[in-house]
Amino acid sequence: QTGRLALYLLGLRATCPPPKPHRALVTWLKYYLEEDWRGSQRHGRPLTSHYQYGLGVLALCVHHKRVREEVIRRLLAAQHHGRLGHSAVGKAHTEAVLALALTCLERRRLVGAGLAAELRATVHMVSRSMAQAQGPDGIIGNIYSTPWALQVFLATGMCHTEPAYSRAMAALLENLDAFGTAATMAQVLPVLHGHSYLDVASMSCQEELDTLTPLDMEPLAEVPGNKTVQLMVECAQPWCFDLQLYDQRVSTPAAASLLDVLWAASAQDPHFTFDTKDTPQGPYLTQVLGLEARQEKRNYWQLLTAPSTPLLTGIADYVPRDGETLILRLSEW
């Protein structure tokens with residue numbers, strides 16, 4: 001509940017609603033955050049994830065609500081000890097969200113002077129880390145974590161001095177077709193207008209005009225024909241007897257996504273099984289051939305196109321080419 005309610009409250013604040021209807025939702029978010037954090041006493045992390053928890057803290061800050069100092073310090077400790085994310089991509093997402101949340105707390109003066117100085121230093125360190133992690137294509141983490149990084153650069157003013165900002169923005173403009181869900185559009189639209197989620201906290205609602213108009217969407221034209229892709233499943237864990245667990249050709253319609261390929265593989269071979277979970281960014285691969293990726297075991301399903309190029313989009317958004325070889329690899333972070 002934490003991350004979804006946080007995103008809803010961020011969006012609600014941006015619509016300039018009357019104060020009463022959403023006060024109860026803010027109270028619920030505070031309750032969920034307290035329940036979520038109880039997991040840290042046993043597992044050393046929230047029951048959901050640091051990413052969702054960071055969204056919750058950001059949403060509370062945008063609604064001008066304080067967060068207990070104990071919680072903030074635990075988030076700082078998680079950042080300093082490298083306990084964020086299940087991969088370089090997941091780490092980039094989480095670091096950026098936490099950086100926005102910490103910047104908001106410091107800017108809205110919701111913490112004391114000493115803690116505010118610590119928050120500024122941490123956010124500066126995260127910003128430099130993201131700039132250094134930028135790939136040669138300009139992307140930071142993957143295409144979906146890049147808007148989060150750009151929001152941090154905008155919120156901290158580094159967009160004027162950091163060369164990584166212009167390179168990341170150029171990469172974003174080249175890959176706008178990857179943002180096809182409401183959640184991913186919500187991440188990228190503020191950046192395209194030179195804003196971050198922090199700007200929602202200081203909106204002057206009296207000056208906002210109602211510019212929302214319905215948009216008639218034309219259905220996408222169907223791509224004729226079929227294609228065949230090679231689907232491979234690998235286990236890079238030391239406890240796996242074989243590296244390669246599956247290697248089959250799969251036929252699908254020409255416009256099929258990677259998720260469609262997985263469904264076609266399961267229809268073609270009853271022994272091929274997989275499972276996903278829904279996230280705001282779309283379905284996330286959690287299990288293949290009975291092998292489950294689990295955060296507590298520090299492993300995840302890495303998506304690659306042969307020989308070793310990580311996919312920049314999710315399984316529902318990536319459309320493989322005819323003859324392409326796709327690799328699902330259970331890896332450790």
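Q: Which residues in helix 9 meet Met-169, Leu-172 and Leu-173 in helix 8?
A: This is a predicted model, in which local features need pLDDT of at least 70 and side-chain atom pairs count only at pLDDT 80 or more, while totals for chains, interfaces and linings use all residues. Residues are numbered from 1 along each chain as its sequence is written, and side-chain values use heavy atoms, with hydrogens and water left out. Helices (H or I, at least four residues) and strands (E, at least two) are DSSP runs numbered from the N terminus. With contact meaning heavy atoms within 4.5 Å, the partners in helix 9 of Met-169, Leu-172 and Leu-173 are Val-188, Val-191 and Leu-192.

Q: How many nonpolar residues are in the contact of helix 8 with helix 9?
A: Ala, Val, Leu, Ile, Met, Phe, Trp, Tyr, Cys and Pro count as nonpolar, Asp, Glu, Lys and Arg as charged, and the others, Gly among them, as polar. The contact of helix 8 with helix 9 has no charged and no polar residues, and its count of nonpolar residues is 6.

Q: How do helix 8 and helix 9 stand to each other?
A: Axes are lines fitted to C-alpha atoms, for helices over the stretch in contact, and angles run from 0 to 180 degrees between N-to-C directions. The axes of helix 8 and helix 9 (residues 182–192) come within 12 Å and cross at roughly 125 degrees. Angles under 35 degrees count as roughly parallel, over 145 as roughly antiparallel, 65 to 115 as roughly perpendicular and the rest as oblique. The relation of helix 8 to helix 9 is therefore oblique.

Q: Which class has 9 residues in the contact of helix 7 with helix 8?
A: The axes of helix 7 (residues 146–156) and helix 8 (residues 163–174) come within 10 Å, crossing at roughly 145 degrees. Helix 7 brings Thr-146, Pro-147, Leu-150, Phe-153 and Leu-154 to this contact, where they meet Ala-164, Tyr-165, Ala-168, Met-169 and Leu-172 of helix 8. No charged residue and 1 polar residue take part, and the class with 9 residues is nonpolar.

Q: Is the crossing of helix 1 and helix 3 left-handed or right-handed?
A: Helix 1 (residues 2–14) packs on helix 3 (residues 50–62) at an angle of about 30 degrees, with the axes 8 Å apart, which means that helix 1 is roughly parallel to helix 3. A crossing is left-handed if the near helix is turned anticlockwise from the far one by less than a right angle, and right-handed if clockwise. For helix 1 and helix 3 the crossing is left-handed.

Q: What is the bridge partner of Gln-287 in strand 5?
A: An open sheet of 3 strands has the order 3-4-5 and antiparallel pairing. Strand 4 (residues 282–288) and strand 5 pair over 2 bridges. In strand 5, the partner of Gln-287 is Glu-292.

Q: Which element has the highest mean pLDDT?
A: pLDDT is the predictor's confidence in each residue, from 0 to 100, and the chain has a mean of 83, with 88% of its residues at 70 or more. Where pLDDT is low, the predicted coordinates should not be read in detail. Helix 10 (residues 258–268) lies across strand 3 and strand 4, running at about 150 degrees to strand 3. The lowest mean among the elements, 76, belongs to helix 2 (residues 19–43), and the highest, 94, to helix 10.

Definitions and conventions:
Two strands pair if DSSP finds at least two bridges between them.
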